[in-house]
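Please look over the structure shown below and keep it in view while reading.

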Amino acid sequence: MGLLNFTRDPVPEAVSGDMHNLNQLSAQQFSALTEVLFRFLTEPKEVERFLTQLSDFATMNKISLGPLKNIVKSILLVPNGALKRNLSSEQVRADFIALGLSEEKASYFAEQWKVNSPTLTRLAVGQTLMINQLIDMEWKFGVTAGSSELEKVGSIFLQLKLVIKKGSRLENVYVELTLPQFYSFLHEMERVKTSLESFS
Amino acid sequence: MAALRDGDFVALQILLKAPSKDAVRQLCQECFSSPPAALGPLAQRACPGLAVSAEEAEQLVSALHNLTRHVVYRGLTRAEDILCLFPENFHQNLKNLLTKIILENISAWRNEAQASQISLPRLVDMDWRVDIKTSSDSIVRMAVPTCLLQLKIQEDAALCGNNPVVSALTVELSKETLDTMLEGLGRIRDQLSAVANK
């Protein structure tokens, strides 16, 4: 086996056996399995659904679930590596062929890869580490009518609640701003937007 | 915030023993700014200058505190309104002096009261920077701009006294989050204009 695009590490031995088994599937069966796989890749949180669909596929096509899961594990190595390395569909196709998958099936999978890769790339970028990510912002503003020190006040206040993701938990931060501070904050945020847009 | 009591005006006449008008002015300012808990020590410091007993000093300081805070609370700005507060038989010159001193300070005192009122933690400063993420463990090559926003937040001034606690919070925003935030801020601005134009 020549150099692979999707990984630099040696591929587990079981993979060529799994590819051989895959080749035994009809075009229709392969297409159905590919669909299940991509649905999972684009929605990685739906683990239950993925396992159910695999189990249904196994039953319908009279394949044992155990071997099927191994095959799926082997197939998934390629798209995961391809995503990391921004591989083209050509490279994905070449890798599958190098692993032992038939040309026809490799081309089909590569085609599906091309269709799904913008979504998958967006997902991978979205998974990138963010420090104290701002999840949500709630606000209210009003007028301070009076206080224990001043019977009549009549000044405007603005309160923000920022919901921040710290590690795996959410934290709420409450901040109060005066009116001039609010306008200054708004002005700065507009400058940030201009800056971000110039880099996009 | 205590209300004015009759005994207060009796105590205020102790000021007639003050060495100078400036001494009275100084004492008025200190009495206004001092929180009720710190009036005791303030009275002790004022004692020698006024040549009165400790008890009389305490009554005076408390009375001045109540008078100045009362005027600020009610938002009185005219000399007549302040003069009205004093009883008929109160020393005429002292009454005029106190009224004059209060009028000189009223606006600064009002600002002081507003600055120290209770509130949620306040924003004192903000800084930002824009980064471009070029690589991560989930994707080896990318060019994703992101914004880091640092907010300096000060805890409620009343709780911290003279040592306000300022914490810095750094928050990361993606472009999408920023756009949503700007939308929200824009809506606030529009509503503020609507309120201002009413």
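How many helices and how many strands are there in chain A? In this predicted model, chain A has seven helices and three strands. Followed from the N terminus, the elements of chain A come in the order α-α-α-α-α-α-β-β-β-α. The radius of gyration of chain A is 26 Å, well over the 16 Å that the globule rule gives for 200 residues, so chain A is more spread out than a compact globule. The C-alpha trace of chain A spans about 85 × 40 × 25 Å along its principal axes. Of the 200 residues in chain A, 40% are buried.

The secondary structure of chain B consists of eight helices and three strands, and the pattern along the sequence is α-α-α-α-α-α-β-β-α-β-α. Chain B has a radius of gyration of 26 Å, whereas a compact globule of 198 residues would have one near 16 Å. Taken along the principal axes, the C-alpha atoms of chain B fill a box of roughly 85 × 45 × 25 Å. Buried residues account for 42% of the 198 residues in chain B.

The discussion now turns to individual residues, beginning with chain A. A:Ala82 belongs to helix 4 of chain A. A:Ala82 counts as buried, because its relative accessibility is 0% and a residue is called buried when this value is under 20%. Although A:Ala82 and A:Phe6 are 76 residues apart along the chain, their C-alpha atoms are separated by 5.0 Å.

Two further residues of chain A deserve attention for their backbone angles. A:Lys62 is not a glycine, yet it has a positive phi of about 55°. A:Lys62 is found in the loop between helix 3 (47–60) and helix 4 (65–84) of chain A. With a relative accessible area of 76%, A:Lys62 is exposed. A:Asn132, likewise a residue other than glycine, has a positive phi near 45°. The loop between helix 6 and strand 1 (133–144) of chain A holds A:Asn132. Is A:Asn132 buried or exposed? The relative accessible area of A:Asn132 is 17%, and the residue is therefore buried.

Aromatic side chains come next. Over all chains, the structure holds 10 aromatic pairs. One of them is formed by B:Phe32 and B:Trp109, which are stacked at 4.7 Å centre to centre with 20° between the planes. B:Phe32 lies in helix 2 (residues 21–33) of chain B and B:Trp109 in helix 6 (residues 92–115) of chain B, so this pair ties together parts that are 77 residues apart in sequence. Both B:Phe32 and B:Trp109 are buried. B:Phe32 also has a charged neighbour, as B:Arg69 lies over the face of its ring at 5.2 Å from the ring centre. In chain A, the charged end of A:Lys105 sits over the ring of A:Phe30, 5.9 Å from the centre of that ring. Elsewhere in chain A, one aromatic cluster is formed by A:Phe38, A:Phe96 and A:Phe109.

The last topic is empty space. Rolling a probe the size of a water molecule over the atoms shows where such space is left. The structure holds one cavity of 30 Å³ or more, and the largest cavity has a volume of about 50 Å³. Which residues line the largest cavity? The lining consists of A:Leu160, A:Leu162, A:Val175, A:Leu177, A:Phe185, B:Leu123 and B:Leu151. Strand 2 (155–166) and strand 3 (169–177) of chain A are the elements that give two or more residues to this lining. The lining of the largest cavity comprises seven nonpolar residues, with no polar and no charged ones.

The second largest pocket has a volume of about 460 Å³. It is lined by 19 residues, and those nearest its centre are A:Val125, A:Gly126, A:Met130, A:Gln133 and B:Ser174. At least two lining residues of the second largest pocket come from each of helix 6 (103–126) of chain A, strand 2 (144–154) of chain B and helix 8 (175–197) of chain B. By type, the lining of the second largest pocket divides into six nonpolar, eight polar and five charged residues.

How values were computed:
Residues are numbered from 1 along each chain as its sequence is written. Chains are lettered from A and ligands numbered from 1 in the order in which they are written. This is a predicted model: local features need pLDDT of at least 70, side-chain atom pairs count only at pLDDT 80 or more; totals for chains, interfaces and linings use all residues. Side-chain values use heavy atoms; hydrogens and water are left out. On a 1 Å grid over the protein atoms alone, a cavity is a set of points where a 1.4 Å probe fits but cannot get out, and a pocket is an open set with protein on both sides within 12 Å along at least five of seven lines; lining residues have an atom within 4 Å of a point. Grid points are joined across faces, edges and corners, and a volume is the space filled by probe spheres set on the points. Helices (H or I, at least four residues) and strands (E, at least two) are DSSP runs, numbered from the N terminus. Ala, Val, Leu, Ile, Met, Phe, Trp, Tyr, Cys and Pro count as nonpolar, Asp, Glu, Lys and Arg as charged, and the others, Gly among them, as polar. Rings of Phe, Tyr and Trp (its six-membered ring) pair if their centres lie within 6.5 Å; planes under 30 degrees apart count as stacked, over 60 as edge-to-face and the rest as tilted. Buried means under 20% relative accessible area, exposed over 50%, partly exposed in between (1.4 Å probe, protein chains only). A charge sits over a ring if NZ of Lys or CZ of Arg is within 6 Å of the ring centre and within 35 degrees of the ring normal. The radius of gyration is taken over C-alpha atoms; the globule rule is 2.2 Å times the number of residues to the power 0.38.
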